[in-house]
Amino acid sequence: MDPTKVAVIGLWHLGCTASAGLAESGYFVTGVDFDKKIIEDLKLNKPPLFEPGLEDLIKKNQDSGRLSFTADFKSALEKKKFIVIGFDTPVDDKDRPDLSVIYRACEKIAHYAADDCVVIIMSQVRVGVCRDIKKFILKHNPKLKCNVVYNPENLMLGQAIKKFLEPDRVIIGLENESTRPVMEKFYQIINAPKIYMDLES
């Protein structure tokens with residue numbers, strides 16, 4: 001697998017920023033979403049909500065060939081070393097998260113991802129969900145070899161691109177320590193302290 005190729009699932013504020021930011025950093029990124037209208041708009045360089053500089057960054061990287069968008073999960077996920085789950089986790093009026101779209105995405109990962117891929121969860125989820133996601137993926141495809149990493153993003157509206165490309169620090173929760181060198185290489189593009197811990201921490 002080519003370690004420069006990344007899939008980003010979920011293309012609202014977080015996913016669009018991550019897609020454009022990773023492409024700007026030199027990765028070849030395929031963004032994918034269940035919402036075909038979002039995909040068609042992004043192909044025209046129109047993100048689903050306004051973020052200063054995001055439209056220009058999407059256009060720049062689509063024009064360069066480093067960023068593309070599709071509604072086809074198979075083509076988006078196959079042969080990708082890194083798969084980012086980048087949904088802005090929806091919550092109800094009592095601030096309870098709805099993880100259904102994340103698990104729906106994990107079914108696609110189970111069906112189409114390649115062995116030795118790294119699933120990077122950027123969506124904000126409660127403690128324990130990352131391990132549940134790994135179990136869920138393996139339930140749908142027991143033969144798949146993959147590692148789950150938690151890299152929670154909390155991007156600020158109006159400053160999302162800067163916060164993504166120039167963070168104060170990068171928090172990386174590892175399922176197992178063997179994934180650390182892979183993530184160190186993945187995040188060498190970001191000049192900020194990397195703080196490693198386990199998934200729950």
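**Salt bridges in the predicted model**

Who is the partner of Arg 131? Its side chain meets that of Glu 200 in a salt bridge, 2.5 Å from N to O. Now place the two in the chain. Arg 131 sits in helix α6, residues 129–140, and Glu 200 lies in the segment after β8, which spans 194–198. So this pair ties together parts that are 69 residues apart in sequence. Glu 200 is partly exposed, with a relative accessible area of 32%.

The general point is simple. Side chains of opposite charge can pair when their charged atoms come close.

How many salt bridges does the structure hold? The count is 10.

Next, a pair within one helix. Lys 37 and Asp 41 join their side chains in a salt bridge, at 2.7 Å, N to O. Both belong to helix α2, residues 36–43. They are four residues apart there, so about one helical turn separates them. Is Lys 37 buried or exposed? Lys 37 has 53% relative accessibility, and the cut-off for exposed is over 50%, so it counts as exposed. Asp 41 is partly exposed, at a relative accessible area of 23%.

Last, a network. Glu 177 forms a salt bridge with Arg 180; their closest N and O atoms are 3.6 Å apart. Glu 177 counts as exposed, at 52% relative accessibility. Arg 180 is partly exposed, with a relative accessible area of 30%. Which residues make up the network? Salt bridges with shared partners join Glu 177, Arg 180 and Glu 184.

Conventions: Residues are numbered from 1 along each chain as its sequence is written. This is a predicted model: local features need pLDDT of at least 70, side-chain atom pairs count only at pLDDT 80 or more; totals for chains, interfaces and linings use all residues. Side-chain values use heavy atoms; hydrogens and water are left out. A salt bridge is a side-chain nitrogen of Lys or Arg within 4 Å of a carboxyl oxygen of Asp or Glu. Helices (H or I, at least four residues) and strands (E, at least two) are DSSP runs, numbered from the N terminus. Buried means under 20% relative accessible area, exposed over 50%, partly exposed in between (1.4 Å probe, protein chains only).
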